[in-house]
Amino acid sequence: MTGRHPVGPTVGGAPPDPQCATVSPRPLADDLRSEDDRDLPSRTDVIGSAVSEVIGGPVGRRALIGRAPLLTPLRAMFLIALVVLSLGWLTKAPCLQTTGTGPPDQRVANWENKRAYFQLCYSDTVPLYGAELLSQGKFPYKSSWLETDSAGRPKTQYDGLPAVRYMEYPVFTGLYQYLSMSLAKTYTAVAKVTGWPVLAGVAEVVMFFNIAAFGLALAWLATVWATAMLAGRRIWDAALVAASPILIFQAFTNFDALATALAAGAMLAWARRRPMVAGALLGLGVAAKLYPALLLLPMLALGIRSGRLPDVARTAAVAFATWLAVNAPVMVLFPRGWSEFFRLNSRRDADMDSVYAVIKSFTGWEGFDPGLGFWQPPLVLNTVVTVLFLLCCAAVVYIALTAPRRPRVAQLAFLVVAAFLLVNKVWSPQFSLWLVPLAVLALPHRRVLLAWMSIDALVWVPRMLYLYGVQNMGLPQQWFTAAVALRDLALLAVMALVVRQIYRPAEDLVRRRGVDDPAGGVFDGAADAYPPWLPQWLRARQFQEERHAGRDSTVPA
């Protein structure tokens, strides 16, 4: 048993060795943190205390924190994440039932009678395998196909040209699908050579899903790890990233976990003051999904306030160079296929999960661009979305510059990504994964976050039942759009709490015990150093008052 005893007499008047004050049967660990050096949710949080009763109750008051040789907090969170990710796979399992005869490439997944909707197991991965010609072994961005109607007839665009389609994902995500397809084709080849019935009994498309899902699970574990490292003394906050209800339905709906892991890794590299590594990971993240580029806005705003713009510029430059290095080969060799992602997003109308669709469903409004032809870009809607998002970005920058104390990176990152989703014309359900690590780092209030995440996760149920159709005993549209409206209101409430804590930093749990910004990197502990060209109304009031009084022009972060 480890404990403390009074220090014995000194030798020759020399002070006692501090190491001798600890009695231990084993060599002392480097980590000798006490309860004051780490947040203990089993004592400080109602949910944490209740959950801890399953394994014996809250941590003891004489415990030396950080000494567990096996079950560390991070490993415990990995176990939690594996359980929740397993539940996520099980929710997709009804759609992974193999049907048909012959080798794996001649079998299919059983999606008959709209099974994907009434059993809530829909995933983009399965239909995309055939729709994007992966099942034929074609390379993304090189091969194309004609869009067809329900009867199989080729469609024509609004301008009379054939509706030609290509891979619709950014390059990194497209290459990930191609790699998963190659491994699935290898599985089929092995099944044909060996003739083993146990291998032939699983469709190739199902193996494609399983292989892709395995990589996505690893990506989410990386997200958990990065978030735990970013949380500082509040490492257990990352447990909600591991156990988020959103994972159950959305972890394997699409490929967004790849971008989430890269974005979290970029934030961790920035926190460790490695701007070049942060830029490289950020560039890879943008090559997988565009949303990681939004993280540059908080860095820019805080760089202006703290006078650390050179570090931000290096990160942005490396991010662009990395993105270009990944995209350039496809951009040069297959420009038409490479540009499909941008073209598709420009011509999409308001999606069923957007706030614009909610307004349509309850008011009968026809939208900003009624009567559009097939694939005709909604120019007015695109303009409105762009203007609204730019206004949101301006608001985030204003908050970053005028708050009484420099906001934390995670707070601003959460606000800008959440604002993007709220005003965007598309909010696919898996996009909510983007918010999970950012929200946990921005607002470490577990009950609030768990309530919001649960609402967001449960939107999946009315969504699937609405797609199943009222004629099949599904739900009418208003049930689904009401759930979307509730999700949006819940997110707005979380955003409001984050803004409140930015303007009342004393209420920020992360900043207790002298902590500034664990994810801040060069911003952590930095003083205000507004550039001379910045107007006075864009500076914190305290800074203005001190300048006016002739005192020191810096405000401690």
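**Reading side-chain contacts in a predicted model**

User: Is Phe 255 buried or exposed?

Analyst: Burial is read from relative accessible area, and under 20% counts as buried. Phe 255 has a value of 2%, so the residue is buried. Keep in mind that this is a predicted model.

User: How many aromatic pairs does the structure hold, and how is the geometry of Tyr 169 and Phe 255 read?

Analyst: There are 23 aromatic pairs. For geometry, look at the angle between the ring planes: over 60 degrees counts as edge-to-face. The planes of Tyr 169 and Phe 255 stand at 90 degrees, with ring centres 5.9 Å apart, so this pair is edge-to-face.

User: Which residues form an aromatic cluster, and where does the charged end of Arg 347 sit?

Analyst: One cluster consists of Tyr 291, Phe 389, Phe 420, Phe 431 and Trp 434. Arg 347 has its charged end over the ring of Trp 375, at 3.7 Å from the centre. In another such contact, Arg 487 lies over the face of Trp 427, 3.5 Å from the ring centre.

User: How many disulfides does a search of the whole structure find, and which cysteines form a disulfide?

Analyst: A disulfide is a covalent bond between the sulfur atoms of two cysteines. The search finds one. Its partners are Cys 95 and Cys 121, with sulfur atoms 1.8 Å apart. The link is right-handed, with 65 degrees about the S-S bond. Cys 95 is in the loop between H3 and strand S3, whereas Cys 121 is in the loop between helices H4 and H5; the partners are 26 residues apart and the link joins distant parts of the chain. Cys 95 is buried at 1% relative accessible area, and Cys 121 is likewise buried at 1%.

User: How many salt bridges does the structure hold, and which parts does the pair of Glu 147 and Arg 165 tie together?

Analyst: The structure holds 22 salt bridges. In one of them, Glu 147 meets Arg 165 with an N to O distance of 3.2 Å. Glu 147 is in the loop between strands S5 and S6 and Arg 165 in strand S6, so the bridge ties together parts 18 residues apart in sequence. Arg 165 is buried at 9% relative accessibility.

User: Which residue forms a salt bridge with Asp 353?

Analyst: The partner is Arg 463, and the closest N and O atoms are 2.6 Å apart. This pair also links distant parts of the chain, 110 residues apart: Asp 353 is in the loop between helices H16 and H17, and Arg 463 in helix H22. Both residues are buried. Elsewhere, salt bridges that share partners join Glu 147, Arg 165, Glu 168, Arg 336, Glu 340, Arg 343 and Arg 347 into one network.

User: Which residues form a nonpolar patch on the surface?

Analyst: Leu 70, Leu 71, Leu 79 and Leu 82 form one, with about 420 Å² of accessible area together. Leu 71 is in the loop between helices H2 and H3, and is exposed at 54% relative accessible area.

How values were computed
Residues are numbered from 1 along each chain as its sequence is written. This is a predicted model: local features need pLDDT of at least 70, side-chain atom pairs count only at pLDDT 80 or more; totals for chains, interfaces and linings use all residues. Side-chain values use heavy atoms; hydrogens and water are left out. Rings of Phe, Tyr and Trp (its six-membered ring) pair if their centres lie within 6.5 Å; planes under 30 degrees apart count as stacked, over 60 as edge-to-face and the rest as tilted. Buried means under 20% relative accessible area, exposed over 50%, partly exposed in between (1.4 Å probe, protein chains only). A charge sits over a ring if NZ of Lys or CZ of Arg is within 6 Å of the ring centre and within 35 degrees of the ring normal. Patches are made of residues with over 30% relative accessible area and no salt bridge: like charges are joined within 9 Å, nonpolar side chains (Val, Leu, Ile, Met, Phe, Trp, Tyr) within 5 Å. Accessible areas come from the Shrake-Rupley method with a 1.4 Å probe; for residues, only the protein chains shown count as cover. A salt bridge is a side-chain nitrogen of Lys or Arg within 4 Å of a carboxyl oxygen of Asp or Glu. Helices (H or I, at least four residues) and strands (E, at least two) are DSSP runs, numbered from the N terminus. A disulfide is a pair of cysteine sulfur atoms within 2.5 Å.
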